[in-house]
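Subject: Structure handover

Hi,

Here is the structure I promised to pass on. Please open it first, then read my notes below.

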Amino acid sequence: MEFNVLGALEVDTGTGPVRLGSAKLRTLLAVLLCGGREPSSVHRLLHALWGEDPPRTAAENLRGYVHQLRRALGDPARVEHRPPGYALVVRPGELDSARFEDLVERGRVASTAGDLEVAGTLLRQGLALWRGTPFADVDEVDVLRDEAARLLERRQAALEARVEVDLALGRHHDLVAELSRLVSLHPLRERVRGQLMLALYRSGRQGEALTVAREGHQLLVAELGLEPGPALRRLEQAILTADPTLDLTTGTPVEAGGPGRAVPRQLPAPVAGFVGRAAQLKRLSEVLDAAGAHGGTVAIGGTAGIGKTTLAVRWAHQVVDRFPDGQLYVDLRGFDPDSPPADPADVLQGFLDALGVPPDRVPAGLTARSALYRSLIAGRAVLVLLDNARDAEQVQSLLPGGSACHTVITSRIELTGLVVRHGAHPLALDALDDDEAMALLASRLGADRVAAEPDAADELIRHCARLPLALAIVAARAATRPTFPLRVPAEELRDERRRLDALDAGDPMTSVRAVFSWSYQRIGSGAARAFRLLGLHPGPDIGLPAAACLTGGTAPETRAALAELTRANLLQERGPGRFSFHDLLRTYAGDQAAAHDAEEDRHAALLRLLDHYLHTADRVDRVLAPNRDHLALPPPPVPVEEPADAAQAWRWYEVERHVLAGAIAHAANAGLHTHAWRLQHLLTTCFDRRGHWHEWVVTGQVALAAARLAGDVDGQGRLHQGLGRALALLGRHEEAQPHLARALGLHRDVGDLVQQAHTEGVVAWSLEHQGRVEEAVRHSERALAAYQEAGHQYGQAKALNMVGWHQIKLGDHRSALRNCGQALTLYGDLGDQRGCAHTWDSIAYAHQQLGNHNEAIAGYLRALNLYRDLHDYYYESGTLTRLGDTQYAAGDAEAARVTWRQALHLLDDLHHPDAAVVRAKLEAPNAAGDR
């Protein structure tokens, strides 16, 4: 598939163009294309489609346009629903603007390497992709206007870079006409004017070159009140004096530094096979563009081996043409194990030497050297790359000051002081994403070898935690064994205990364990202990309360330790109060814990952590399901989080969800079986209402095995019942049946009437969804009888509603309304909002079957309001579906279509098979409305 935006918006599936007749559909696609890999938020899309005042139904309409776009592209997976909105899946090579930027980047790298013919070819290929103004036939909105402006600026820069290459190749005669036209189109662009002046001069037209210079001077003064920049003034002077440095045979042209001035070219060569980091490269360029002629500073931070230097050097080569006065580079050795950090005074001596200062004129002191350095480069466009800084103090005297220079600093610690005192722009570097990691392996090993073993390549990436250094080591070892399949190094990395050994290339500078150790050895003892114990956490991130329980410290002590680890980039604060590190650092931390902390201390830390999660989950469950039969837990031995209401309870679950799944498995593996099964059981309310049924099944199987090992019969019964319900909700009724039968047997064995009734209710639900309604009635009546015998009011209300629902299915609507009315009264007395929602849905369904459309719609709306407050997406989707059916039966097809779309959106997000039923309703010809 091809997406073309460098002109009118075009899409081609390979079999022909895609027709996007609707203006809003074209706008939606264009905005999604601007978003790249990141999702465009719903708010951003609504603003793009409807401006500042979207209609009330805008959100529903947006989902409709997303559905239409998926159909138009012929691949529903192309438009993904990813919070906070939607993302378009664009594969490498499919978007013309991305191909353009890739070709331009490769052209600039070739130019820097001196391969001018290749550079010119690549730049021409990139420019040939342009057909006109980007998004020319799409409604103008802010995001598209900004992206079009950015792309047009990139096109102009690429054009100027191609002209630079042609000038260097001696094609000045051919360039004069083209440059004359460009100067008339862009009279204030000094670089184009300078290129025309140089082309005219080299063509033997010195007078015309000076005329172009004078016209530019007059125009700048008249239009902007400014004098030409120093580079243009130097070029004019050189043309006036026929300076020999302007000739092709004399080397560096005068606009790159001027006669008699040293132009340092200290950048290291870019790393071969560089991949990815498009967003970071773009951000670096945005900071440079924003800084303009005033210069700026960027501080790139990240943990060891993350690729800070590689990124900085790569970007520097991309923009080298914007720094004609030179590039300075130094490795400050901030974390070198064998050498002390570089002395700023020594660094300045090297910089001054590169800038042409004779040794006898270099001052002795740091302050004097810094002053001379800043004076020399004031007003000059120089790029300064300060690599591997120890801290902000080390680079303080190396900053150019208020000149036209631009500075990039890399460090393993957060250089917050530079951000505060000098307005530096921080850029935090994280691990590669999966596509970038795969591209790195392919660039080192060959695409064919990687494509031949995709599973092994995925495993290598996973075990390397997408850390560039680790991937480079693995690729290097695999490259030296070209006949070995990739599964061999993948198997070597499979054992977590030996993984860091397998990532040792035999060189301390490129050993993952070694580079981690240089950062670890520089932190205080309290932070070091916290780092080690965090290696025991199942991940992927941890909050401050849980971290305090894990370390056994107070909240202020823990906060201070986490802050120190974050500054050292051994930890990342991914969100307010949420901390994480990648898997290789977790492995290294665990190794250090095994080496330095006694086994009983590690076990005690893990127990404190699991107690925290267990008792907080119990508090959350009691808030969300106050009428549930809760576990009788002992008083919490550690601090726990206390949600004040349902909103806080849901926030805790959403933040901790993936942590909790890991904690269950971690507890089971550590032999803490009771913690494992109880924690899973306490989360089933959340799993159920959020539709996380697959997760319920996976964690339930782990918890069931743990309950068996613990010999807990009650726990086994509850877990069999939970697995039966989760499998039934997924439509896997045959798999659910043995679990439910086993649950009934276990509950009978211990004489637990309430749990028997709960299980009978699940059996009834499963049978009803298989169309076996008469059997379902018998089980729902058994549940009611058991609840009545146990005196369980909540259960009686639930069973009465269930019996009523089944009576509706059998056509006994009057009896159903009577039973549901009793259930509603009981639920109201208990204050059970969810039970009331279920019952209103049943009452509405009975009225729907009786043809009482107004009463049915009113009942469904009452149920919907309650479900939405509860965030109960599955039952909300069912009620929406039935509401749409009723609206359609009442003759309001348009309202039905809007309601069905809302239901479909929820079911798609839940990946539930019922989505197909709702989609069929929307696509039926007699339900199409005005589509």
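Some ground rules first. This is a predicted model, in which local features need pLDDT of at least 70, side-chain atom pairs count only at pLDDT 80 or more, and totals for chains, interfaces and linings use all residues. Residues are numbered from 1 along each chain as its sequence is written, and side-chain values use heavy atoms, with hydrogens and water left out.

**Whole chain**

The protein chain has 43 helices and 13 strands. Both are DSSP runs numbered from the N terminus: helices are H or I with at least four residues, strands are E with at least two. The C-alpha trace spans about 110 × 70 × 55 Å along its principal axes. Of the 931 residues, 54% are buried. Buried means under 20% relative accessible area, exposed means over 50%, and partly exposed lies in between (1.4 Å probe, protein chains only). Among contacts in the chain with a separation of 6 or more, 65% join residues 24 or more positions apart. A contact means heavy atoms within 4.5 Å.

**Helix packing**

Helix 26 (residues 555–567) packs with helix 24 (residues 525–534) at an angle of about 85 degrees. Their axes are 9 Å apart. Axes are lines fitted to C-alpha atoms, for helices over the stretch in contact, and angles run from 0 to 180 degrees between N-to-C directions. Helix 24 and helix 26 are therefore roughly perpendicular. The scale is this: under 35 degrees is roughly parallel, over 145 roughly antiparallel, 65 to 115 roughly perpendicular, and the rest oblique.

Helix 24 contributes Gly 526, Ala 527, Ala 530, Phe 531 and Leu 534 to the contact. Helix 26 contributes Ala 561, Leu 562, Glu 564 and Leu 565. By class, that contact has seven nonpolar, one polar and one charged residues. Ala, Val, Leu, Ile, Met, Phe, Trp, Tyr, Cys and Pro count as nonpolar, Asp, Glu, Lys and Arg as charged, and the others, Gly among them, as polar.

Helix 25 (residues 544–551) also packs with helix 26, at about 100 degrees with axes 9 Å apart. Helix 25 and helix 26 are therefore roughly perpendicular to each other. On the helix 25 side, the contact uses Leu 544, Ala 547, Ala 548 and Thr 551. On the helix 26 side, it uses Ala 555, Thr 558, Arg 559 and Leu 562.

**Cavities**

How many cavities of 30 Å³ or more does the structure hold? There are five. A cavity is a set of points, on a 1 Å grid over the protein atoms alone, where a 1.4 Å probe fits but cannot get out; lining residues have an atom within 4 Å of a point. Grid points are joined across faces, edges and corners, and a volume is the space filled by probe spheres set on the points.

The largest cavity has a volume of about 80 Å³. It is lined by 15 residues, and the closest to its centre are Thr 303, Asp 430, Asn 569, Gln 572 and His 582. Its lining divides into seven nonpolar, six polar and two charged residues.

The second largest cavity holds about 50 Å³. Its lining includes Leu 534, His 537, Asp 541, Leu 571, Phe 581 and Arg 586. By class, that lining has six nonpolar, two polar and two charged residues.

**Single residues**

- Asp 841 lies in helix 39 (residues 833–850). Asp 841 is buried, at 5% relative accessible area. Leaving out residues up to four places away in sequence, it touches Trp 805, Tyr 860, Ala 863, Tyr 867, Thr 879 and Arg 882.
- Leu 418 sits in helix 16 (residues 416–422). Leu 418 is buried, at 0% relative accessibility. Leu 418 and Val 408 are 10 residues apart in sequence and 12 Å apart in space, C-alpha to C-alpha.
- Leu 810 is in the loop between helix 37 (793–809) and helix 38 (813–830). Leu 810 is partly exposed, at 46%. Beyond its neighbours within four places in sequence, Leu 810 contacts Val 773, Glu 774 and Val 777. The C-alpha atoms of Leu 810 and Val 777 are separated by 9.4 Å, at 33 residues apart along the chain.

Best wishes

Technical notes. On a 1 Å grid over the protein atoms alone, a cavity is a set of points where a 1.4 Å probe fits but cannot get out, and a pocket is an open set with protein on both sides within 12 Å along at least five of seven lines; lining residues have an atom within 4 Å of a point.
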